[in-house]
Amino acid sequence: MLHFLSHCSSRDAGFHVDDAEVTLNVCLGIDFFGGDLFFRGIRCDKHVNTETQPEEILDYSHVPGQAVLHRGRHRHGARPTTSGHRINMLLWCRSSLFREMKKYQKDFSSWCGECQREKKERQSQSVAATKLAFFKAGGGSNT
Ligand SMILES: O=C(O)CCC(=O)C(=O)O
Ligand SMILES: [Fe+2]
């Protein structure tokens, strides 16, 4: 089952993740400066407060009439509107199936940046350990 919630935003929003699987953020206008969105990497519940990697830094300036579609778990915020009046329509889309399935998973490396990094780290450690064991056992020697 999919659920949709919407609201209008005209204020700055602190750093957060949405309680949604997918968020549609439509800039309705009207005339303003500021209010930029900043994105800082997708995270699961466990890793929501972990460090941002340089490649995860993404800033976006709202354009009236244009929309941004992003994962709800993409950490983000809106900077203050410095002048004028900004109106955005937010549509938060929730999936009860996704939420139910999440209960039985621990590894979210298919979408959480930090789970992905941890997985890569585990893999490179295990490759290093295997190489070490191989060379200790005399593998690769010609004698
Ligand atoms: O004001 C915006 O453009 C973003 C607001 C937002 O992220 C939210 O309400 O969840
Ligand atoms: Fe948000």
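**View 1. Cys 112 sits buried, with 22 other C-beta atoms within 10 Å.** Here a residue is called buried if 20 or more other C-beta atoms lie within 10 Å of its own, exposed if 12 or fewer, and partly exposed in between, with C-beta atoms placed from the backbone. This is a predicted model, where local features need pLDDT of at least 70, side-chain atom pairs count only at pLDDT 80 or more, and totals for chains, interfaces and linings use all residues. Residues are numbered from 1 along each chain as its sequence is written, while chains are lettered from A and ligands numbered from 1 in the order in which they are written.

**View 2. Who touches Cys 112?** Skipping its neighbours within four places in sequence, Cys 112 is in contact (C-beta atoms, placed from the backbone, within 7 Å) with Ile 42, Arg 43, Cys 44 and His 47. Arg 43 is 69 residues away along the chain, yet its C-alpha atom is separated from that of Cys 112 by 4.5 Å.

**View 3. Follow the chain from Cys 112 into helix α2.** Cys 112 lies in the loop between α1 (96-102) and α2; helices (H or I, at least four residues) and strands (E, at least two) are DSSP runs, numbered from the N terminus. Gly 113, Glu 114 and Cys 115 of α2 are buried, and β4 (37-42) is part of what covers the buried residues of this helix.

**View 4. Helix α2 from end to end.** With 24 residues (113-136), α2 reaches 35 Å from first C-alpha to last, close to the 34 Å expected at 1.5 Å a residue (1.5 Å times one less than its number of residues). Just after α2, Gly 138 takes a positive phi of about 85 degrees.

Note on methods
Two residues are in contact if their C-beta atoms, placed from the backbone, lie within 7 Å.
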